[in-house]
Amino acid sequence: MTSTFTVVTPSSHAAERLFDLSLSIDEHLGSMADSGEQAIDGVTSGQIGLGETVTWRARHFGIWFTMTSQISEHDRPRRFVDAQVTGPFRSFRHVHDFSSEGQVPGSGVTV
């Protein structure tokens, strides 16, 4: 069974800035400091790009896991996709869509 969900995060920042921050390993680590998350292989600092991978070690729900993700799509500043290459899930694909017009891409929802 496949599960999907959508999270919409309104922001006053430009889509280009949010796009770049979302690909920053350093920003992600800062936001996940409480979980002890670490980038342990691949791109471990700076900005990750198309075809590049990062391996994360993190504790979530009290369980430690290791997962490698690859940037499989990159269309600055509109969209990027990261997908699990190895890890605990049968499949994990994370789509990031950005819009400056207040329209959630592909959804028909205006925020």
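**Exercise 1.** Find the salt-bridge partner of Arg78 and say how far apart the closest N and O atoms are.

*Solution.* Arg78 pairs with Asp75, with 3.3 Å between the closest N and O atoms. That passes the salt-bridge rule: a side-chain nitrogen of Lys or Arg within 4 Å of a carboxyl oxygen of Asp or Glu. Next, check accessibility: Arg78 comes out at 48% and Asp75 at 35%. Both land in the partly exposed band (buried is under 20% relative accessible area, exposed over 50%, partly exposed in between; 1.4 Å probe, protein chains only).

A quick note before going on: the model is predicted, so local features need pLDDT of at least 70 and side-chain atom pairs pLDDT 80 or more, while totals for chains, interfaces and linings use all residues. Numbering runs from 1 along each chain as its sequence is written, and side-chain values use heavy atoms, leaving out hydrogens and water.

**Exercise 2.** Work out which salt-bridge network includes Arg79.

*Solution.* Start with Glu73, whose side chain meets Arg79 at 3.1 Å, N to O. Then take Asp97, which reaches Arg79 at 3.3 Å. Asp97 sits in strand β5 and Arg79 in strand β4, so this pair links parts 18 residues apart in sequence. (Strands are DSSP runs of E, at least two residues, numbered from the N terminus.) Through shared partners, Glu73, Arg79, Arg93 and Asp97 make one network.

**Exercise 3.** Describe how strands β4 and β5 pair.

*Solution.* Residues 79–86 (β4) and 93–97 (β5) run antiparallel, with five bridges; pairing takes at least two DSSP bridges. One example: Val81 has Val95 as its bridge partner.

Key
Helix = DSSP H or I, 4+ residues; strand = E, 2+ residues; numbered from the N terminus.
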